[in-house]
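Please read the following briefing alongside the sequence and the model.

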Amino acid sequence: MPKQQSRQIVVGILANAGGVGKTTLAVHLAYALSKRGCSVALIDLDPQRALDVFCGLPSVEAEDSLVRVLSKDFVGGWPLVRAWNNPNIEVCQGHPVLSQISDDLVIRRRGEYTLADRLQSHPLRHDVVILDCPATLGMICENAIAASTGLLVPIQLEMKSVSGVADLVQWAIAISDDLQLKPRPPILGLVPCLYDNSRAIHRQYLRQLPDVAEQLQIKLYPQIRDSSEFKNASANGLPLQKYRPAHPANRDFEDLAHDLAALARKGKW
Ligand SMILES: Nc1ncnc2c1ncn2[C@@H]1O[C@H](COP(=O)(O)OP(=O)(O)O)[C@@H](O)[C@H]1O
Ligand SMILES: [Mg+2]
């Protein structure tokens, strides 16, 4: 009998704007996946280091952040810290110097592949690696695409973001092709975020999304509802699942967590 093994999945969370709910999605998925028995590494690619706040972590020096991993002389030993005292969730924290690293990657050999190369030469032990991307589609996001086995695209139900989805998807495919990624990381799903049922425009855009998703041939996941409790939870450095375990919005992540956990288990026999 072959040895039990699981295949690590690397999920890049990508959007072409800030405030769409990327970090919220990253954090809540990490928690939901840990509850399903997966170990998760959350990597903060954002110079604004939003994950620190969401995970209740004190900010760290560049040396103890992703900056070290992406620096030229990385020799291994990812700087990881546990989130919420959960042994199954570890965070590689971000740092403002990531914007300089991003500039440096432009002129570095294999600059677009640096994160992918690090994950290859110094693998993480986790079942799932989640990449929380910055809002600007630069070198850092290209690194995320090159390192990902699949991408998730959160969408806010505003005109700009709904009409921009096709552009973002095309951009991601073009980057994958330019970088000759084989296989090209599939877009695992569109995730409507910050959905407010009391707003007619949200309800209208939500109705349009199945067609948009079908045209793009991408799975559409159930919407994450807008709730002020998300803000309260993150202000306390907690995911909503821990802050308000009985809150109905916690269920909004379940379909996605189910599918990702199944993907991570594929190859286990
Ligand atoms: N479903 C939601 N309901 C209410 N507030 C939300 C929700 N999702 C995100 N937010 C809030 O919106 C802001 C932006 O979300 P965030 O996840 O940081 O987006 P991004 O990472 O795309 O910039 C944050 O203050 C966050 O707490
Ligand atoms: Mg963010």
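This is a predicted model: local features need pLDDT of at least 70, side-chain atom pairs count only at pLDDT 80 or more; totals for chains, interfaces and linings use all residues.

Residues are numbered from 1 along each chain as its sequence is written, and chains are lettered from A and ligands numbered from 1 in the order in which they are written.

- Eight of the nine residues of α6 are buried, that is, 20 or more other C-beta atoms lie within 10 Å of their own, with C-beta atoms placed from the backbone (12 or fewer is exposed, in between partly exposed).
- Helix α6 (residues 139-147) lies across β1 (9-13), β5 (128-132) and β6 (150-156), and runs at about 150° to β1, with angles from 0 to 180 degrees taken between N-to-C directions of axes fitted to C-alpha atoms, for helices over the stretch in contact.

**The sheet**

- Seven strands form an open sheet of mixed pairing in the order β3-β4-β2-β5-β1-β6-β7, two strands being paired if DSSP finds at least two bridges between them.
- Because β3 (81-83) and β7 (187-193) stand at the edges with a single partner strand each, one side of each is left without a neighbour in the sheet.
- Strand β5 pairs in the parallel sense with β2 over five bridges, and five bridges also join β5 to β1 in parallel.
- Leu42 has Ile130 as its bridge partner in β5 and Val91 as its bridge partner in β4.
- Both faces of β5 are covered, with Val128, Ile130 and Asp132 buried on one side and Val129 and Leu131 buried on the other.

**The nonpolar core**

- The largest nonpolar core has 76 residues, among which Leu29, Leu42, Ile130, Leu131 and Val153 touch the most other members; such a core is a set of buried Ala, Val, Leu, Ile, Met, Phe, Trp, Tyr and Cys residues joined through C-beta atoms within 7 Å.
- The largest share of this core, eight residues, comes from α1.

**Around ligand 1**

- Ligand 1 is surrounded by 18 residues, and the closest are Val20, Lys22, Thr23, Thr24 and Phe230, a residue being counted if its C-beta atom, placed from the backbone, lies within 6 Å.
- At least two residues of this shell come from each of α1 (22-35) and α9 (228-235).

Note on methods:
Helices (H or I, at least four residues) and strands (E, at least two) are DSSP runs, numbered from the N terminus. Two residues are in contact if their C-beta atoms, placed from the backbone, lie within 7 Å.
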